[in-house]
Amino acid sequence: MPALNEPDHTISFNESITCYEICKNDFAYNLLCVAHNKHLSLLVLGMPEETGEFGYNQLQAVAISDVDDRCVQALAFSPDTTLNFTPNNVEICAAIESNLKIYRTDLSQHNSVQVLNGHSDYINDVSWVCEGEFLASVSDDFTCKFWNLKGNAENVITFCLSSAGMSIKSHMEDPNKVLVAEKRGVIHLYNIRTKQTIVSVESPKFPLMSADWAPNNRLFVTALAGGDIVTWDLSRPITAIDVKQVHEDGGRVVRFAPGSSDLVVASIGRPDLTLKVFAAKSLVPLVEASLKTYAGLAWHQRLPYITAASDRKLHFWKVQIK
């Protein structure tokens, strides 16, 4: 058995983590949202490469639910989120069962909540698309929905799927397109403006639990299906360019590293809830670590850190990537 990597940094909380997200925006890239059973914690990170030491400050706690068994399944920061201007603007969507809640705050006096109803089953993923014009969500109800939050906050587009929607992704280089991944192993690239499918790829295995779109190259997509990490080049979509067996008993989530010239992916799966980070074409993990529970996976947007939640702790591993 290979030696496991201990985390470089850890944040400990008083309650278990159910979900979390690190902001990808340039003006708030050290902003972190952690979901617990009853509230969201907004924190700002201090990274050693920038401040000389690792640390964090809690900015605000936001109540989310009075119901004990309703947990946050997914989080997404709006592109309008910023900490660089006065007043601050933090806008984050939380998927809670079949509902979406959008929380807005200036981290001072002004706070609001907007609720979107329309899905009939659990929401698995949520993303701001078309440069923030729409909020998109995928669900176990076999639909992908797009919401216009202006005015009456309407569901303006619905794509019907053939199985549960597991992942929804957008790309800065192609803002009018979205990547939608289905549990049965199919990934679609949709044009939101024309409401048409551009290309579809299919995993050799299922269930597909997670998919991602490479931030530095819009031609590459990856999925975690049946324990394999499957990667496609959309310019040659007929067959996958790489299939790597990573998690023998199935996987939970996969994420491309941002800012890397190589295709580097991180994933979490079984047995024993293991985090693994691989470079493309390599079978030797850059990082391998054991977790107690699963509550998400995220890269830092500017620095080479992969993070994972485990019970009441959020761990950070520095990854040696190009």
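Buried means under 20% relative accessible area, exposed over 50%, and partly exposed in between, with a 1.4 Å probe and protein chains only. I use these classes throughout.

**Entry 1: ground rules.** I am working on a predicted model, where local features need pLDDT of at least 70, side-chain atom pairs count only at pLDDT 80 or more, and totals for chains, interfaces and linings use all residues. Residues are numbered from 1 along each chain as its sequence is written, and side-chain values use heavy atoms, with hydrogens and water left out.

**Entry 2: overall form.** I looked up the secondary structure and found one helix and 28 strands. Helices (H or I, at least four residues) and strands (E, at least two) are DSSP runs, numbered from the N terminus. The C-alpha trace spans about 50 × 45 × 35 Å along its principal axes. Of the 322 residues, 54% count as buried.

**Entry 3: aromatic pairs.** I paired rings of Phe, Tyr and Trp (its six-membered ring) if their centres lie within 6.5 Å; planes under 30 degrees apart count as stacked, over 60 as edge-to-face and the rest as tilted. The count comes to four aromatic pairs. For Phe54 and Phe316, the ring centres are 5.0 Å apart and the planes stand at 65 degrees, so I log the pair as edge-to-face. This pair links distant parts of the chain, 262 residues apart: Phe54 is in the loop between helix H1 (48-51) and strand E5 (55-63), and Phe316 is in strand E28 (residues 313-318). Phe316 is buried, at a relative accessible area of 0%.

Phe146 and Phe159 also pair edge-to-face, at 5.5 Å centre to centre and 80 degrees between the planes. Phe146 belongs to strand E12 (residues 143-148) and Phe159 to strand E13 (residues 154-160), so the contact ties together parts that are 13 residues apart in sequence. I find Phe146 buried at 0% relative accessible area, and Phe159 buried at 8%. Phe146 and Phe159 form one aromatic cluster with Tyr190.

**Entry 4: salt bridges.** My criterion was a side-chain nitrogen of Lys or Arg within 4 Å of a carboxyl oxygen of Asp or Glu. A search of the whole structure gives 13 salt bridges. I went through some of them.

- Glu21 and Lys24 meet at 2.6 Å, N to O; Glu21 is buried, with a relative accessible area of 14%.
- Arg184 and Glu182 meet at 3.8 Å, N to O. Arg184 is partly exposed at 37%, whereas Glu182 is buried at 2%.
- Lys205 and Asp228 form a salt bridge with their closest N and O atoms 3.3 Å apart. The two residues lie 23 residues apart, Lys205 in the loop between strand E17 (196-202) and strand E18 (208-213), Asp228 in strand E20 (residues 228-233). Lys205 is partly exposed at 35% relative accessibility, and Asp228 is buried at 6%.
- Glu173, Asp174, Lys177 and Arg218 are linked in a network of salt bridges.

**Entry 5: cysteines.** I looked for disulfides, meaning pairs of cysteine sulfur atoms within 2.5 Å, and the structure holds zero. For Cys71, which is in no disulfide, the nearest cysteine sulfur is that of Cys19, 9.9 Å away. Cys71 counts as partly exposed at 27% relative accessibility. Cys160 is in no disulfide either, and the nearest cysteine sulfur, that of Cys144, is 10 Å away. Cys160 counts as exposed at 67%.

**Entry 6: one sheet.** I counted two strands as paired if DSSP finds at least two bridges between them. Strand E24 (residues 274-279) is joined to E25 by four bridges, and the two run antiparallel. I noted Glu288 in E25 as the bridge partner of Lys276.
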